[in-house]
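Reader: I've got a fold open on my screen and I'd like to learn how to read it feature by feature. Can you walk me through it?

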Amino acid sequence: MNIHEYQAKALFALNGVPVPEGYFAASPLEAEFAYRRLGGPIAVVKAQVHAGGRGKGGGVKLVKSAEECFNISKNMLGMTLITPQTGPEGKLVRKLYIEAGSNIEKEFYLAMLVDRDTATIAIMFSTEGGMDIEEVAAKTPEKIVTVNVDPTTGLQGYHLRNLSFAMKLNKDQTKELHALIPKLYTMFLKYDFSLLEINPLVWTKEGKFIAIDGKMNFDENALFRHKDIAAMRDYDEEDAREVEAAKYGLNYIGLDGNIGCLVNGAGLAMATMDIIKHCGGTPANFLDVGGGATEEMVTNAFRILFSDARVKAVFVNIFGGIMRCDVIANAVVNAAKALGLKLPLVVRLEGTNVELGKEILKNSGLKIIPADNMEDGAKKAVAAAK
């Protein structure tokens, strides 16, 4: 789960991490009032969307008067912000953050994330902070240093020294960084982050590190421990299909293809998407209904698939282990009848009671396209989608 910058800044401040003064705004008038509270002379108007690269897309603007703040905010609210991370469809700007200008001397990059390969928390630091950190990582990776912290032993002094020495920080910067990172590491564990990123982390002319931006991603499996964090969720920033699927216990991730997939089991779902691509098609989603799917779950899954205007065919790929094929076949037939089947529906069944399941599909009276195996099903779904 992601949160907005203004929410991240509030968490930073609550945990002793220095941030500039700033205020949330949902209208041009609120933005103007925020500017007046800050007292000028320079403030920054920031679009609040769940995507990086806002500055390149026109989502970050400097203002030097209350009137300019009002006008910039009026233009920014309601705009579709397109950045390298939003894709061509962009993100609708509904909220703003008005922040005091900072006396910047140097921009740095700092991030913490879960490194699953080493079962550690990776801390990444660079003197090349700013909008082009992705380009730095791609072209000059030596300018980014990483240390891995074993959570069983925790953050140690040598971790901090390795970071500051590798980036050749001066004495004052080293002292400030060594005070900042433990606070961030404590936050990382406290809130069950999967990612914590500050870009840029700026060194001011007053000799202090300040978090100018903040990106926070939380482990959704741990949200039950953090009701306050869960309350920050902004469903407007998430795929409406994914939000709807979560209500029914469905593991769904929306993609941009035209073949809807309904599968039981995450591994089989991944393989299904792969074979659709292999056969020349593009999957519209990842959808795992699980081993204990009910007719209600299948019906809701179909409802979500059918609601996607991009979907031109649906491929149901079921392996009946815990889930019996006759049960899933009845669920597919009843769901298709209840919703009114208008799209080509390809069904591949294998496993427990497979023959009974196939018989149920055959006698359903629906125009269901049977498939003998995964490849056969994928080819038929691709052809139907065309």
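Predicted model: local features only at pLDDT ≥ 70, side-chain atom pairs only at ≥ 80, totals over all residues.

Reader: Let me zoom out for a second. How many helices and strands does the protein have?

Author: There are 13 helices and 18 strands. The C-alpha trace spans about 80 × 50 × 40 Å along its principal axes. Of the 386 residues, 49% are buried. Then look at contacts between residues at least 6 apart in sequence: 68% of them join residues at least 24 apart.

Reader: Now the charged pairs. How many salt bridges does a search of the whole structure find?

Author: Again, the general idea first: side chains of opposite charge can pair when their charged atoms come close. In this structure the search turns up 21 salt bridges. One of them joins R54 and E5, at 2.9 Å from N to O. R54 sits in the loop between β2 (43-47) and β3 (60-63), while E5 belongs to helix α1 (residues 5-14), so this bridge ties together parts that are 49 residues apart in sequence.

Reader: Are R54 and E5 buried or exposed?

Author: R54 is buried, at 8% relative accessible area. E5 is buried as well, with a relative accessibility of 5%.

Reader: What does D234 form a salt bridge with?

Author: Its partner is K95, and the closest N and O atoms are 3.0 Å apart. D234 is in the loop between α7 (227-230) and α8 (240-247), and K95 is in the loop between β5 (91-92) and β6 (96-100), so the two tie together parts 139 residues apart in sequence. D234 is buried, with 7% relative accessible area.

Reader: Which residues do salt bridges with shared partners join into one network?

Author: The network takes in E5, K9, K46, R54, E99 and D213.

Reader: On to rings. How many aromatic pairs does the search find?

Author: With rings, you look at the distance between centres and the angle between planes. The search finds 8 aromatic pairs. Take Y191 and F193: their ring centres are 6.0 Å apart and their planes meet at 65°, so the pair is edge-to-face. Y191 is buried at 4% relative accessibility, and F193 is buried at 3%. Ring pairs also link F108, F125, W203 and F209 into a cluster.

Reader: How do I read a single helix? What length does α11 reach from its first C-alpha to its last?

Author: Compare its reach with what's expected at 1.5 Å a residue. Helix α11 (residues 325-339) has 15 residues and reaches 21 Å, close to the expected 21 Å. Its buried residues include I328, V332 and V333. The buried residues of α11 pack against α10 (295-307), β16 (313-320), β17 (345-351), α12 (354-362) and β18 (368-371). Just after α11 comes G340, with a positive phi of about 80°.

Reader: And a single residue? Where does L184 lie?

Author: L184 is in helix α6 and is buried, at 2% relative accessible area. Setting aside neighbours within four places in sequence, L184 is in contact with F12, V17, L110, M112, L196 and I198.

Definitions and conventions:
Residues numbered from 1 in each chain as written. Heavy atoms only, no water. Helix = DSSP H or I, 4+ residues; strand = E, 2+ residues; numbered from the N terminus. Expected span 1.5 Å × (residues − 1). Buried < 20%, exposed > 50% of the residue type's maximum accessible area, 1.4 Å probe, protein only. Contact = heavy atoms within 4.5 Å. Salt bridge = Lys/Arg side-chain N within 4 Å of Asp/Glu carboxyl O. Phe/Tyr/Trp six-rings, centres within 6.5 Å; stacked < 30°, edge-to-face > 60°.
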